[in-house]
Amino acid sequence: MPSRLDRNSGIINKNNSIFQWRRIGRKMRSIWLLLCLGLLAVSSQVHAEETNLEDILEDIDLEDIAEFDDNDEEYLRLLEEKAKNQDVDRENELAQKLADVHHNILNPVVEIDPCETMHCGAGRICQLNKEKPECVCIPECPEESDARRHVCTNKNETWPSDCAVYQQRCWCDIKDPGCLDPTNAHLHIDYYGACHESRVCDGEDLKDFPRRMRDWLFNVMRDLAERDELTDHYMQMELEAETNNSRRWANAAVWKWCDLDGDTDRSVSRHELFPIRAPLVSLEHCIAPFLESCDSNKDHRITLIEWGACLELDAEDLKERCDDVQNAVPHLLG
């Protein structure tokens, strides 16, 4: 029968064995814990280079790990939660950057060029002067080798291109050294192509031309109405001209005068006469002297009254019934 000492020794040895196994267990769990921490650190580095083991353990003392037993899993849970939060923050940061990029693509910041809304006349271009847009004479015109690009001016002079004519007119307007003759400020194009000797318009031809011009204007207006190329306002005027002979020529004359008044300043410049003058010069040798006669006061502008007078229309039949005026002041219709 074992003695009491032997029994006590056995108990001590058993307790020592249990204690040693517990220490081994703690060490194994500590080693496993450190391995888990290493894996967490590697995982965090995939998402962000700046994330490392020190960041994860900044609030935890590794020297105390071996002193804990039941709390090891709690530390792992805390570490996993901290790593997860950092991953979520990183994902949110990347998502925000992607959202910003997407927003910039759909809503780009567009710098508006002030010259895009600046209208400059023929022979002028827009340039910025101290960040403010202004119209200046076109500095250089392209060279035209094709004779069909040449133009004939009202001075019966052949110029290399329409650009050259407009440039010259601009230079003379501002008294630039490039101006060859001060009167070129009123230079305009008669027709395309080199100048040729034209027939003289006099006698019966000149006397009968206003009638031919009135008929031509009405026929053009009617053709445009049939092709539905007039605004509603001018369609009404054409219909009125068709059904009322007293308005036949007057409505056509008012429509054409309004059509030529491109800048809507209630007068037609000699330059604005180009669309009607150029195509008719070769066909109607009286068009040039006729249009010259319309400018009765020689101010290089043709008012509606002057336009009607050279077409031999009664001033009482002429009303300023332009489409833009009609839209602004409805009572002018009628």
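Reader: Which helix supplies the largest share of the lining of the largest pocket?
Author: In this predicted model, helix H4, which covers residues 162–173, supplies the largest share of that lining, with three residues. The lining as a whole has 18 residues, and among them Gly121, Ala122, Arg169, Ser269 and His271 lie nearest the centre of the pocket. The volume of this largest pocket is about 360 Å³.

Reader: What makes a residue count as part of the lining of a pocket?
Author: A lining residue must have an atom within 4 Å of a point of the pocket. For the second largest pocket, with a volume of about 230 Å³, 17 residues form the lining, and Asp190, Tyr191, Ser198, Val281 and Ala288 are the ones nearest its centre. Helix H9 gives the most to this lining, with three residues, while strand S3, strand S5, helix H8 and helix H9 each supply at least two.

Reader: Why is helix H7 called largely enclosed by the rest of the structure?
Author: A residue is buried when its relative accessible area is under 20%, and 10 of the 13 residues of H7 are buried, so the helix is largely enclosed by the rest of the structure. Among the buried residues are Trp255, Trp257, Cys258 and Leu260, and what covers the buried residues of H7 includes helix H5, helix H6, strand S6, helix H8, strand S7 and helix H10.

Reader: What span is expected for helix H7, and what span does it reach?
Author: Helix H7, residues 248–260, reaches 19 Å from its first C-alpha to its last, which is close to the 18 Å expected at 1.5 Å a residue.

Reader: Why does His285 count as buried?
Author: The cut-off for buried is under 20%, and His285 has a relative accessibility of 15%, so His285 counts as buried. His285 is placed in the loop between H8 and H9, and, leaving aside neighbours within four places in sequence, it is in contact with Arg199, Val200, Cys201 and Asp205.

Reader: What makes the pairing of His285 with Asp205 a polar contact?
Author: A polar contact needs a pair of N or O atoms within 3.5 Å, and the side chains of His285 and Asp205 make such a contact at 3.3 Å.

Reader: Which words describe the accessibility of Asp314 and of Glu312?
Author: Exposed means over 50%, and partly exposed lies between that and the 20% cut-off for buried. Asp314, at 45%, therefore counts as partly exposed, and Glu312, at 52%, therefore counts as exposed. Asp314 is in the loop between H10 and helix H11, and its side chain reaches the backbone nitrogen of Glu316 at 3.0 Å.

Conventions:
Residues are numbered from 1 along each chain as its sequence is written. This is a predicted model: local features need pLDDT of at least 70, side-chain atom pairs count only at pLDDT 80 or more; totals for chains, interfaces and linings use all residues. Side-chain values use heavy atoms; hydrogens and water are left out. On a 1 Å grid over the protein atoms alone, a cavity is a set of points where a 1.4 Å probe fits but cannot get out, and a pocket is an open set with protein on both sides within 12 Å along at least five of seven lines; lining residues have an atom within 4 Å of a point. Grid points are joined across faces, edges and corners, and a volume is the space filled by probe spheres set on the points. Helices (H or I, at least four residues) and strands (E, at least two) are DSSP runs, numbered from the N terminus. The expected span of a helix is 1.5 Å times one less than its number of residues. Buried means under 20% relative accessible area, exposed over 50%, partly exposed in between (1.4 Å probe, protein chains only). Contact means heavy atoms within 4.5 Å. A polar contact is a pair of N or O atoms within 3.5 Å; within protein, one must be able to donate a hydrogen and the other to accept it, and residues adjacent in sequence count only if both atoms are side-chain atoms.
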